[in-house]
Amino acid sequence: MSSLSRFAGKSPWLYRINAGSCNGCDVELATTAIIPRYDVERLGCQYCASPKHADIVLITGPLTTRVKDKVLSLYDEIPNPKVTVAIGICPISGGVFRESYTMSRPVDEYIPVDVNVPGCPPRPQAIIEGIAKAIKILESRS
Amino acid sequence: MWQLVLLKNLLKGPATEAFPFGEATTPAAYRGRVAFDPSACTACRTCQYVCAAGAIHFEERPDGLRFTLWHNSCVFCGMCQHYCVAKAIHLTTDWHLSHEQARKYEMVEEGWVPFRPCLQCGELMLPATPPLMRLAYRGDSKEIEALRHLCPKCRQTRAAGRNS
Amino acid sequence: MPETLKLIFQVLVFPGGLFALCLGLCLKGFERRIRARLQRRVGPPLLQPFFDLAKLARKDTTIPEGAPACLFSALPFAGVCSMAIAAAMIPITGVHLAPAGLGDILVLFYLLAIPAIVLMLAGSASGSPFSAIAFSRELSIMMAYEGPILLVILTIAIRVGVSQGGWIALSLNDIIAYQQRYGAFLFDPVMWPALLAFLVFFPANLGVAPFDIPEAESEVLDGPLLEYSGPLLGLFKMMSAMKAGVVIGLGIALFYPNAPGGALGLMCFVLKCFVVSSLGVAVLRTSMGRMRIDQAFRFLVIWPGILGLVSLVVVLWRY
């Protein structure tokens, strides 16, 4: 079975969680997938609709208090091995919403984050770089 | 006709950037990692005041000022660069900011702006930096250069003495 | 006894099971690459579907709360088995004859319905509201396309049967032999309505745009497969890959089976599969939007239905 683990890094399926994001980072995520210029499918990536199919979780947004429980239960749905990537400064530190009473920031207090991609939003190449780092971690985990 | 579009696409070949397998193109005006030059900083703290994300912090200590910019809070708006009179802060085109969680708290730009003793009385103060002097006086003169290293008090005394 | 062994080999290795799986996965990889090129992207490696399967084999499997665990995990196996048997029943000209022990084209017709039924049951077994929507959509789509495809099969069977002096020929081998002798139906204007009806049926059956409504990712989150993960999901991927091979293979057998014998025949078959997959599936997937379920239902009932009836009437009248 261990020989199969070599292939884990060749087929990382991406799942997006929007934890109260302003949609800026989500647009960049969509860009990495759809626009021919930043074809993330070259890495074998594929955006999947169901959390049960995911390998790499991309979290955007500062984790608002309202969405927190839903994000946590969604995260638990994702089968192991999984790698979490925080996209944008909001999940990393809270960003410009840091001091707000409606935020449960930062995400890594609740979810084990593995890779951070700062930016507001990060450019698509930076996201791809972050995903490439996450793939390395995924390979070591499976 | 969509069939023609598809055929054209097929014939033209992929329009994909080489990154991550090669170099990515970066526009010259890209606002990426922030670089701070402590030797040019006059500690006016305008950058801290205009920083929308509150990513810039000055800590005053007896012997100088510690500048800290947290890249994981910065929104790369470039306001600090825009308002910096002394040109001590600017945004580079480096966008390779993604990092593993272990390095989360290392993503800072730090600088130490030391106080210098006044040449006359020895009191600690922050002299005006050369870029600021160029901006203020256009030309260099020995007298101004000498005044630069005096504390406000000594400067006043010298100026009063010269006039009398 | 050797006959039984041969049958088992045919179902498990060639042309069923392993061969159909590899063919289906290669078709999928090739189709994904072509689709990327049509969108001016580079696209994934050609072996990407194999990598996906290998990865899924290593993932955890979770069974949702309240789902009947036995049914939930048995369904994908049923799907893969049905497709392995169906693949063994697809004749490859000059290489493989449909074994009589497995049954005729009507059995194949029913086997082809099993993946859809498996998906429906999987959707209802996982207990998710999205899957329930997918269940009803899958059912309506299936109701719509099953009738017309039966008309198409009937048309061809009657035409071949009449030429044999009987009334109806239900063996795919006979259909192929007829076309080998008198020319492929693909080039016969009389059969073009049936061909068109089949061309509409095949994206509907494979869940390709514009008929990918049950598995719509953006609306019902992969529909019936929503709750599946790991190896069980991998089995579903295997099932759909094999199904692609079977349906395209059936199309080739019905309309253009002409090929030389031996290894060349096998190459011809594979080549035809790749052409259909890249010309049909990839182009459809890139250029088509998704229909609404009511539009798709109406479209699938009316157009292939009319075309099937026309071809049946024409064939009955001419032969």
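Author: A:Val115 stands opposite B:Glu100 in S5(B). This is a predicted model, where local features need pLDDT of at least 70, side-chain atom pairs count only at pLDDT 80 or more, and totals for chains, interfaces and linings use all residues. Residues are numbered from 1 along each chain as its sequence is written, while chains are lettered from A and ligands numbered from 1 in the order in which they are written.

Reader: What makes S5(A) and S5(B) a pair?

Author: Two strands pair if DSSP finds at least two bridges between them. S5(A) and strand S5 (residues 99-100) of chain B have two bridges and run antiparallel. So they count as paired. Strands themselves are DSSP runs (E, at least two residues), and helices are runs of H or I with at least four, both numbered from the N terminus.

Reader: Which sheet holds S5(B), and what is its order?

Author: The order is S2(A)-S1(A)-S3(A)-S4(A)-S5(A)-S5(B). It is an open sheet of six strands with mixed pairing.

Reader: Why do S2 of chain A and S5 of chain B stand at the edges?

Author: Each has a single partner strand, so one side of each is left without a neighbour in the sheet. For S2(A), strand S1 (residues 13-18) of chain A pairs with it in the parallel sense over two bridges. There A:Leu14 stands opposite A:Tyr47.

Reader: Which helix lies across S4(A), and at what angle?

Author: H4(A) does, running at about 165 degrees to S4(A). Axes are lines fitted to C-alpha atoms, for helices over the stretch in contact, and angles run from 0 to 180 degrees between N-to-C directions. H4(A) also lies across S3 and S5 of chain A and S5 of chain B.

Reader: How many residues of chain A are in contact with chain B?

Author: 27 residues of chain A are in contact with 24 of chain B. Contact means that C-beta atoms, placed from the backbone, lie within 7 Å. H4(A) gives the most to chain A's side, with seven residues. By class, that side has 13 nonpolar, six polar and eight charged residues. Ala, Val, Leu, Ile, Met, Phe, Trp, Tyr, Cys and Pro count as nonpolar, Asp, Glu, Lys and Arg as charged, and the others, Gly among them, as polar.

Reader: What joins S2(B) to S3(B)?

Author: A hairpin does, through two residues. Six bridges join strand S2 (residues 56-61) to strand S3 (residues 64-70) of chain B, and the two run antiparallel. B:Ile56 has B:Leu69 as its bridge partner, and B:His57 stands opposite B:Thr68. S3(B) also pairs with strand S6 (residues 108-114) of chain B, antiparallel, over seven bridges. There B:Arg66 partners B:Trp112.

Reader: Which domains does the assignment of chain B give?

Author: Domain 1 (30-114) and domain 2 (116-164). The bounds come from an automatic or database domain assignment. Their C-alpha centres lie 27 Å apart. Eleven residues of domain 1 are in contact with eight of domain 2.

Reader: How do you know that the span of H6(C) agrees with its number of residues?

Author: The expected span is 1.5 Å times one less than the number of residues. H6(C) (residues 129-163) has 35 residues and should span 51 Å; its end C-alpha atoms are 52 Å apart, so the span agrees. Just after H6(C), C:Gly165 takes a positive phi of about 90 degrees.

Note on methods
Two residues are in contact if their C-beta atoms, placed from the backbone, lie within 7 Å.
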